[in-house]
Amino acid sequence: GMHGTLGMVAILATMAPGWTSKHERLSLFRKHIIDPQERQRSILLDRQKMERMKRVERARAIMLLRAQEGASKDIPGEEEETEQHEEDQLFASKTFSDSMVTLQTYNREHITAPAACTQLMLPEWLLYVPSNLSSSWLVRPRPQGVRCLVMAAEGRTHVFSRTLQPLMRPFLSSLPSGSWRTRRKGNMCVLDCIVDGNPRDRNKTFFVLDCLQWSGCDISECSAEFRLFWVAERMKEGSINGVNNTYNFMLVPSFDCTHEGFLEAYHYQGYLKDGLFFYSKLAPYARGLSPFALVWKDKACSPLYEDVKQGTDAANASNKMSTTLFMGREGSILTCDSPPLVVSHQLTDSWTDKNVSGLFRFEYDELDEEKGRVVGLKCVRAVKSGMADSWTKLVFMQRARRDEQPSVYDILAGIGENA
């Protein structure tokens, strides 16, 4: 459209002399690179389709069994099935409890706490432009703030961090079972959000990214397109931002990844941005680190881009790259990927206590992308909470420092090729 054309012209007009030839060569080179993220997405989608088919076949087998045996009360195990159904209605409480136990077990056994220990879908960093970006992806302006899980149950609304630690005191909200007015037996609501500023401040906004469960109904297996439509409709009808809310809730907008949609997200000014999210339209909500969600930043759409680019550590004045990783027993250094990626077995400085494990801040010289190793690691300090960085983040940081990460022009070119 005219808007997209004008937007492209406006961007191209700001290009520095000599940029075109350089990035055209990079784009041509990237066309011949096999995208490991896209291959992983394809494998996971096929696996999820098979699992869904197995669930459908199992449900059909149960229905056939009931039809053959007559009345359901005569079916062996009916009471157990009823109990299981009641447990499913409260899946979040059990899941969160199990996840907390799992997380504590990981820490106790000195094993890395990977992204699989969280209930959130954590994005990988965009290293290659997906081949079906324009047709199968949504783009969303990422708000600045802290990623969190909002769970409404038993008349209270709770907020948890990525590692399922409480971020703030419970409060009242208009969510199902989020206050005494909306409380219903067996009902729960679970939202994936970003809270701006300090979670303990009274004046804050929860930016809603996704919905996992609504009124006891698990919709995490539905496609992203449906989940975002569902939460948008609930927002319109006032079920999220009602009069019972202690804090404000705001839906993060979604745009089709066309030229117009991408530019609208890229220049969005409804709140302070920290880069862009890309969501695969057809993918379910995959807890843990997921290739179905991607994050991307540049200087224009993220004031924190330089921190990502340099791996800045406020407590360290060194110009070296820095990152947060997990140190296991015997000095193995691991990422948060699942399974964890061992990026180093030996530190450059002397490390005498081999029994110490946990999160640490590290300095390093560079990455060896081919071997999956971090070169020149040096331990700086311990980190009390949080998660280790992913391998894709480390790669994005190094490429950004070398000006080799996918640029806004590469993304727009990828959209044009696949439109």
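Methionine 121 has glycine 288 as its bridge partner in strand S11. The model behind this pairing is predicted, so to speak of local features a pLDDT of at least 70 is needed, while side-chain atom pairs count only at pLDDT 80 or more, and totals for chains, interfaces and linings use all residues. Residues are numbered from 1 along each chain as its sequence is written, and side-chain values rest on heavy atoms, with hydrogens and water left out.Strand S1 (residues 121-125) and S11 run parallel, joined by 5 bridges; two strands count as paired if DSSP finds at least two bridges between them. Strands here are DSSP runs of E with at least two residues, helices are runs of H or I with at least four, and both are numbered from the N terminus. S11 also pairs with strand S10 (residues 273-280), this time in the antiparallel sense and over 4 bridges. Leucine 276 stands opposite tryptophan 296 of S11. As for cover, 9 of the 9 residues of S11 are buried, where buried means under 20% relative accessible area, exposed over 50% and partly exposed in between, using a 1.4 Å probe and protein chains only.

Now to the rings. The structure holds 14 aromatic pairs. Rings of Phe, Tyr and Trp (its six-membered ring) pair if their centres lie within 6.5 Å; planes under 30 degrees apart count as stacked, over 60 as edge-to-face and the rest as tilted. One of the pairs brings together tryptophan 125 and phenylalanine 396, with ring centres 4.9 Å apart and planes at 45°, so this pair is tilted. Tryptophan 125 belongs to strand S1 and phenylalanine 396 to helix H10 (residues 391-401), so the pair links distant parts of the chain, 271 residues apart. Both partners are tucked away: tryptophan 125 is buried at a relative accessible area of 8%, and phenylalanine 396 is buried at 0%.

Tyrosine 266 and tryptophan 296 make another tilted pair, 6.2 Å centre to centre with 35° between the planes. Because tyrosine 266 lies in helix H8 (residues 259-266) and tryptophan 296 in strand S11 (residues 288-296), this pair ties together parts that are 30 residues apart in sequence. Tyrosine 266 and tryptophan 296 are both buried. Elsewhere, ring pairs link Phe171, Phe206, Tyr247 and Phe249 into a cluster.

The charged end of arginine 140 sits over the ring of tyrosine 279, 5.1 Å from its centre, and that of arginine 234 sits over the ring of tryptophan 230, 4.5 Å from its centre. A charge counts as sitting over a ring if NZ of Lys or CZ of Arg is within 6 Å of the ring centre and within 35 degrees of the ring normal.
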